[in-house]
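Here is a walk through a two-chain model, written for someone who already has it open in a viewer. Keep the structure at hand and follow along.

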There are 2 protein chains.
Amino acid sequence: MSNSTDDLLPVGLSDRLPEEAAIATRVMRAALQAMDAHGYDRVRPPLIEFEKSMAERMDGVSPRRMFRFVDPGSLRTLALRSDMTVQVGRIAATSLAGAPRPLRLCYAGEVATITADQLDPSRQRLQIGAELIGADSAAAAAEMVELAIESLKAAGAIGISVDFTLPDLVDTLSAQTMPLDETQIEAVRRELDTKDAGGLKAAGGDAYLPLLYATGDFSDSIARLAELDAGGALASRIEGLKTIASRVGGSARVTLDPTERHGFEYQSWFGFTIYAQGVRGALGRGGTYTIGGSDEAATGFSLYVDRLVDALDSDSQRDTLFLPVGHDRAAAAALRANGWRTVAALSGEDDAGALGCTHVLSDEQPKPL
Amino acid sequence: MSNSTDDLLPVGLSDRLPEEAAIATRVMRAALQAMDAHGYDRVRPPLIEFEKSMAERMDGVSPRRMFRFVDPGSLRTLALRSDMTVQVGRIAATSLAGAPRPLRLCYAGEVATITADQLDPSRQRLQIGAELIGADSAAAAAEMVELAIESLKAAGAIGISVDFTLPDLVDTLSAQTMPLDETQIEAVRRELDTKDAGGLKAAGGDAYLPLLYATGDFSDSIARLAELDAGGALASRIEGLKTIASRVGGSARVTLDPTERHGFEYQSWFGFTIYAQGVRGALGRGGTYTIGGSDEAATGFSLYVDRLVDALDSDSQRDTLFLPVGHDRAAAAALRANGWRTVAALSGEDDAGALGCTHVLSDEQPKPL
């Protein structure tokens with residue numbers, strides 16, 4: 001991104017100049033095309049909604065991060081969208097409540113937040129995602145993980161890896177085979193989050209200690225998790241994870257970190273984070289959840305592709321045809337129809353080379369400059 | 001647009017559901033493709049900018065219409081973009097100040113305003129446009145009018161007509177052959193705007209009366225305008241209009257309304273409004289201007305395509321292939337690579353017909369349902 005406009009734009013906001021803008025467009029179209037091919041229909045929700053409506057559907061997750069302002073018309077508080085998932089959930093629960101399930105929707109657009117991520121100063125992100133509404137089975141989850149991988153590959157990502165997690169792991173275990181009291185649950189969750197073995201013991205979570213080691217390469221980790229699950233409380237989850245891993249194992253590296261909760265505050269039994277080689281940080285997250293404001297099960301994912309855009313190379317210079325003053329307009333139009341990009345001289349002063357042209361129209365034919 | 005979400009979204013904001021969203025995407029891509037073919041590079045400015053920076057570059061035109069809010073970080077006032085032209089002007093004057101001229105840029109994105117147009121309640125619009133920076137000659141204007149027409153045609157518009165105007169007409173005439181004093185100028189402009197012959201006389205603008213009749217079909221009107229221009233103050237403008245009209249006359253109906261100023265507050269010698277059959281109101285406007293904040297001449301246009309999207313028919317139902325449980329995944333992937341859209345069953349309960357499928361995969365081949 002350009003540095004020269006830093007003083008002209010607020011912190012965390014930037015222009016995509018031509019080269020980067022072309023990559024961003026390419027990435028977005030490729031991902032949307034992959035989603036479309038799998039039967040996902042794009043919806044286009046608005047930039048702005050009622051704050052209350054957005055916040056209610058966010059399950060209390062970070063509505064404070066939204067840009068908010070009063071609508072001079074209704075005097076109600078509006079918010080700039082910070083997450084399109086919430087908007088798609090609203091559409092599924094209202095306008096498309098009567099559409100057959102499972103309902104496949106996808107979206108792409110800019111979202112903005114007041115506070116930037118600690119590791120990422122940007123306050124506007126290009127979010128692309130898909131939601132499978134009315135299903136949260138292992139088959140649904142497998143479809144979504146596969147689609148996330150396929151979308152990113154189509155967009156140009158390489159060396160993709162996917163990390164699985166079980167967001168409601170502690171709830172499930174404590175309710176069945178590894179009981180904890182109310183106060184212990186929070187402490188155990190916290191210590192698992194920080195992967196602090198000592199803290200976990202101190203919190204009365206000795207039984208949970210082995211979970212810290214069921215982490216890493218999927219096949220080893222899932223075996224360790226199964227050993228730990230003596231009472232079978234996780235049996236269906238383990239089966240589900242194996243189903244998903246067997247579907248995606250051929251197209252991405254799969255790892256397991258069953259206690260990872262960061263970014264999965266509203267997911268139910270399954271969550272995943274997706275990474276690509278050469279791109280710092282996660283490219284996206286997804287999982288199973290219940291749509292806020294309705295009780296419908298869903299599975300979805302969001303990709304934040306700005307860092308991928310930053311990492312990708314632009315197309316090599318495109319052939320561009322200079323059209324001199326007085327050129328044959330019909331010939332130029334015919335060449336454009338055949339895929340040529342043209343730049344027409346406005347006066348005799350225009351210089352083909354300076355304007356980035358590679359060819360010049362001469363005798364109705366492109367000649368290399 | 002959907003009515004069922006009216007209670008869930010603020011007035012003037014709406015969702016584009018799948019059918020309409022697909023049309024909007026098709027329109028946007030077709031227009032951008034036409035611009036790209038003529039050498040226009042897309043830039044992607046952010047959703048939000050400093051209010052001051054936006055307002056200064058808007059030449060005082062309606063910054064009050066922007067959604068504004070305080071940045072909790074910098075405590076400066078930010079604004080949601082209401083016009084991408086201003087942003088492209090900023091980019092041309094800063095990051096791309098050193099790029100060769102004429103500089104061709106294009107853009108597409110959502111813009112939002114607080115107050116809706118009286119005739120149009122929508123507060124968010126899809127703006128698509130192109131700017132030719134460093135040129136405001138008749139050749140530049142002709143290129144832009146042609147490009148606006150070609151972009152709209154590519155997007156599916158039919159029966160296009162273009163209305164030319166001379167935004168600085170009164171300034172030019174009063175400074176040369178038809179003198180008015182300071183107070184008269186404003187009154188004459190106002191009466192010409194309302195096309196009030198009586199008011200024009202009362203304002204001391206008798207000499208300007210014939211301008212009211214140099215309106216309509218281009219060839220007749222330009223002849224009347226030339227007759228009126230005894231002193232030749234408009235000679236270069238009339239030549240320019242003829243040049244532009246001769247370039248675009250074959251692809252659109254051309255009319256002239258030399259005194260039309262509404263929507264051309266910041267244009268210089270030339271302005272145009274573009275219409276299409278079956279679409280209520282103007283689809284876009286353009287003209288020559290000076291970039292706010294720099295003194296560079298430019299020519300550009302903006303298309304607001306939401307009404308075109310509303311007017312266009314959706315694609316007829318697409319072939320969609322149902323993939324039963326246990327289908328051959330490689331066969332399905334091969335069919336997708338060949339352009340098939342697929343919907344995979346998540347369980348035996350999924351119904352191909354209800355999910356909108358036209359074909360089902362059987363023996364690795366699509367069979368019509």
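A residue is called buried here when its relative accessible area is under 20%, exposed when it is over 50%, and partly exposed in between, using a 1.4 Å probe and protein chains only. This is a predicted model, in which local features need pLDDT of at least 70 and side-chain atom pairs count only at pLDDT 80 or more, while totals for chains, interfaces and linings use all residues. Residues are numbered from 1 along each chain as its sequence is written, chains are lettered from A and ligands numbered from 1 in the order in which they are written, and side-chain values use heavy atoms, with hydrogens and water left out.

**How the copies sit together**

Start with the overall arrangement.

Within chain A, domain 1 covers 18-159 + 260-311 and domain 2 covers 320-368. Those bounds come from an automatic or database domain assignment. The C-alpha centres of the two domains of chain A lie 42 Å apart.

**Rings**

Now for the aromatics. Rings of Phe, Tyr and Trp (its six-membered ring) pair if their centres lie within 6.5 Å; planes under 30 degrees apart count as stacked, over 60 as edge-to-face and the rest as tilted. That gives 13 aromatic pairs over all chains. Take B:Phe164 and B:Phe218: their ring centres are 5.7 Å apart and their planes are at 75 degrees, so this pair is edge-to-face. B:Phe164 lies in strand S7 (residues 161-165) of chain B and B:Phe218 in helix H8 (residues 218-228) of chain B, so the pair ties together parts that are 54 residues apart in sequence. Helices (H or I, at least four residues) and strands (E, at least two) are DSSP runs, numbered from the N terminus.

How accessible are these two rings' residues? B:Phe164 is buried at a relative accessible area of 0%, and B:Phe218 is buried at 9%.

Another edge-to-face pair is B:Tyr266 with B:Tyr289, at 5.5 Å centre to centre and 75 degrees between the planes. B:Tyr266 lies in the loop between strand S9 (253-256) and strand S10 (267-275) of chain B, and B:Tyr289 in strand S11 (residues 284-290) of chain B, so parts that are 23 residues apart in sequence are tied together. B:Tyr266 counts as partly exposed at 27% relative accessibility, whereas B:Tyr289 counts as buried at 5%.

Over in chain A, ring pairs link A:Phe164, A:Phe218, A:Trp269, A:Phe270 and A:Phe272 into a cluster.

Some rings have a charge over them, meaning NZ of Lys or CZ of Arg within 6 Å of the ring centre and within 35 degrees of the ring normal. Here are two such cases.

| Charged residue | Ring | Distance to ring centre |
|---|---|---|
| A:Arg125 | A:Tyr304 | 3.7 Å |
| B:Arg76 | B:Phe50 | 3.6 Å |

Most residues other than glycine have a negative phi, and most peptide bonds are trans. A cis peptide bond joins A:Arg101 and A:Pro102, with omega about -5 degrees. A:Pro102 is in the loop between helix H3 (84-93) and strand S5 (103-112) of chain A. In chain B, a cis bond joins B:Arg101 and B:Pro102, with omega about -10 degrees.

A:Glu364 has a positive phi, near 65 degrees, and lies in the loop between strand S15 (359-362) and strand S16 (365-368) of chain A. It counts as partly exposed at 46% relative accessibility.

**One helix up close**

Finally, look at helix H6 (residues 182-193) of chain B. Its 12 residues reach 17 Å from first C-alpha to last, close to the 16 Å expected at 1.5 Å a residue, where the expected span is 1.5 Å times one less than the number of residues. Buried residues of H6(B) include B:Ile185, B:Val188 and B:Leu192. The buried residues of H6(B) pack against helix H5 (169-175) and helix H7 (197-202) of chain B. Just after H6(B), B:Lys195 takes a positive phi of about 55 degrees.

Technical notes: Contact means heavy atoms within 4.5 Å.
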